[in-house]
Amino acid sequence: MESAEVEVRLLFFAKSRELVGRKEDTIKLPIHLLPAGLWEGILAKHPCLQPISDNITIALNQEYIAREETEPIVLKEGDEIAIIPPLSGG
Amino acid sequence: MSGEDVVAITPDKLNVEEITEMVKCPQAGAVTVFLGTTRDNFEDKKVIKLEYEAYVPMAEAEMRKLCHQIREKWNVEKIAIIHRIGIVPVMDASVIIAVSSVHRKESVEAVHYCIDSLKSSVPIWKKEVYGDGSCNWKENKECDWAARNTDSQSS
């Protein structure tokens, strides 16, 4: 069954920002999807992120989500999804 | 008492005296302060500056989570975690953590925990800019999805 889609915000930081060439974008994604599907959707729109895809994590509305999590996530219009390359604060 | 915690991301030069004053209180017999400072070398390359960026609202939220974790583990009085972003020249502090406690053991352990956890969970990044014009995004060894950690899992 085809799931309805919503438009969400994408934020890029550090190396992902440089690869994409911008800080922000929007993307249409299914309302219900697994974290792995979220990664796939983002990489399909921004294939330039492929070389670092094993070394990014994602935050949904400022909370980390695990790529291997098997519980589906539920997106709503305007959600904020951030691409988080390896951290180097401190 | 989370009201005693100060967390901030700022483009301004960090003032260690000011941040130390934030956590002093009459009942505390100890204040532990950690400064992370910019090194002038990486392997054989000369580092001329570091550029930091943060996902500011999430970074501040993660820093507040660290304060809660510290208070679950240790009996401390006040906590301040301040991280600088933008260009940080060599020898300047990029981060200052200050914790006060009645006796020193708690604040020393809490600060150690705090800097290690900050490196693994707070969304902040630094790029080293070298004397030859090249640059490199750094990766903390404490970060689970850094290349050195994901490579070791797959081999």
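**Note on the interface of chain A and chain B**

1. In this predicted model, chain A and chain B bury about 2200 Å² between them, 56% of it on carbon and sulfur atoms; buried area is the accessible area (1.4 Å probe) that two parts lose on being put together, summed over both. Leu87(A), Ser88(A) and Gly90(A) supply 31% of the area that chain A buries against chain B, more than any other three residues.

2. On the basis of contact, meaning heavy atoms within 4.5 Å, 23 residues of chain A meet 31 residues of chain B.

3. Three salt bridges are counted between chain A and chain B, each being a side-chain nitrogen of Lys or Arg within 4 Å of a carboxyl oxygen of Asp or Glu. Arg17(A) forms a salt bridge with Glu53(B), and the closest N and O atoms are 2.3 Å apart.

4. Chain B has four helices and nine strands, taken as DSSP runs (helices H or I, at least four residues; strands E, at least two) and numbered from the N terminus.

5. Of the 155 residues of chain B, 48% count as buried, that is, under 20% relative accessible area with a 1.4 Å probe, protein chains only. The C-alpha atoms of chain B fill a box of roughly 50 × 35 × 30 Å, taken along the principal axes.

6. As to conventions, residues are numbered from 1 along each chain as its sequence is written, and chains are lettered from A and ligands numbered from 1 in the order in which they are written. Local features need pLDDT of at least 70, side-chain atom pairs count only at pLDDT 80 or more, and totals for chains, interfaces and linings use all residues, while side-chain values use heavy atoms, with hydrogens and water left out.

Key: Buried means under 20% relative accessible area, exposed over 50%, partly exposed in between (1.4 Å probe, protein chains only).
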